[in-house]
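Here is a short briefing for a first look at this structure. Keep the sequence and the model open while you read.

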Amino acid sequence: MRAMQNFHPRHFAIVPAAGSGSRMGAVQPKQYLPLLGAPLIRHSLEVLCATPEIDKVFVVLSVGDAEWKRHDWSALGPKLVPLFCGGATRADSVLGGLRAIANEAEQSDWVLVHDAARPCLARWHIEKLIRGLAHDEVGGLLAVPVADTLKRADAHHHVVATVPRDSLWQAQTPQMFRYVMLRRALEAATDVTDEASAIEAAGLRPRLIEGDATNLKVTYPLDLHLAEWILNNRES
């Protein structure tokens, strides 16, 4: 434990990567699909490991993950730590990761949770999030304002209403919260799809930090081509 008078919160990244990515229609788990000659997950891990503000990067894998060891991760350096404690859901995996690092993280340290399927994460995304939340009491997440008109449909795919898009944002990752706050929220939450939802269920209000559309999530096969284009054409 660090002395309180010298306490400066650290930043740990957790990347849940125990899912199968069934919507991609591939036999191989989505996080290991090839993207520009490397596993999809490697691109965001490289950025996280290269960001000075991040102290360690924990990848939460399924207990039976055999694919991870087939790849050479040594170039990413000592910051990268695999944890074979993934669960059935994203929330289970993140909570498993938080429990696994309990002896290393202080209660007030920051935890940034990032989707394994967002390979176009850029260093400026992380830095903007950390700067924007440095003095926030709750924490928050990267997000982008919704630009498209939204329709609510019935069971037969007929439009039943147009949803006003004012004040609507599309959540992204990383999502950044204090270690103890996030762990308690996930331990108490049920049926949440991201960390911010768990924090909201605890009665708190995460802050939205505006990101951009290049931080896309690979969900369908076409998304791989979009991610490749972004990575190839991004300015340094």
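I101 sits in the loop between α2 and β6 (110-113). This is a predicted model: local features need pLDDT of at least 70, side-chain atom pairs count only at pLDDT 80 or more, and totals for chains, interfaces and linings use all residues. Residues are numbered from 1 along each chain as its sequence is written, and side-chain values use heavy atoms, with hydrogens and water left out. Helices (H or I, at least four residues) and strands (E, at least two) are DSSP runs, numbered from the N terminus.

- I101 is buried, at 3% relative accessible area. Buried means under 20% relative accessible area, exposed means over 50%, and partly exposed lies in between (1.4 Å probe, protein chains only).
- Leaving out residues up to four places away in sequence, I101 touches I14, F58, L83 and Y179. Contact here means heavy atoms within 4.5 Å.
- I101 and F12 are 89 residues apart along the chain, and their C-alpha atoms are separated by 9.7 Å.

**Helices α2 and α4**

- Two packed helices are described by the angle between their axes and the distance between the axes.
- The axes of α2 (residues 90-100) and α4 (residues 179-188) come within 10 Å and cross at roughly 135°. That makes α2 oblique to α4.
- Axes are lines fitted to C-alpha atoms, for helices over the stretch in contact, and angles run from 0 to 180 degrees between N-to-C directions. Angles under 35 degrees count as roughly parallel, over 145 as roughly antiparallel, 65 to 115 as roughly perpendicular, and the rest as oblique.
- The crossing of α2 and α4 is left-handed. In a left-handed crossing the near helix is turned anticlockwise from the far one by less than a right angle; clockwise is right-handed.
- From α2, the contact uses A91, V94, L95, L98 and R99. From α4, it uses Y179, L182, R183, L186 and E187.
- Seven residues of this contact are nonpolar, none is polar and three are charged. Ala, Val, Leu, Ile, Met, Phe, Trp, Tyr, Cys and Pro count as nonpolar, Asp, Glu, Lys and Arg as charged, and the others, Gly among them, as polar.
- The buried residues of α4 are Y179, V180, L182, A185 and L186. Their cover includes α2, β6, β10 (169-178) and α5 (195-201).

**Nonpolar cores**

- The largest nonpolar core has 28 residues, and L45, V57 and L80 touch the most other members. Such a core is a set of buried Ala, Val, Leu, Ile, Met, Phe, Trp, Tyr and Cys residues joined through side-chain atoms within 4.5 Å.
- Two or more residues of this core come from each of β1 (11-16), α1 (40-50), β4 (56-61), β6 and α3 (123-133). The largest share, five residues, comes from α1.
- L80 is in contact with L45, C49, V57, V59, W68 and W73, neighbours within four places in sequence aside.
- Another core lies apart from it, with 25 residues, among them F12, F58, V94 and V192.

**Backbone features**

- The peptide bond from T173 to P174 is cis, with omega near 10°. P174 is in strand β10.
- L36 is not a glycine, but its phi is positive, near 55°. L36 lies in the loop between β2 (34-35) and β3 (38-39), and is partly exposed at 39% relative accessible area.
- H157 is not a glycine either, and its phi is positive at about 65°. H157 is in the loop between β8 (150-153) and β9 (159-163), and counts as exposed at 70% relative accessibility.
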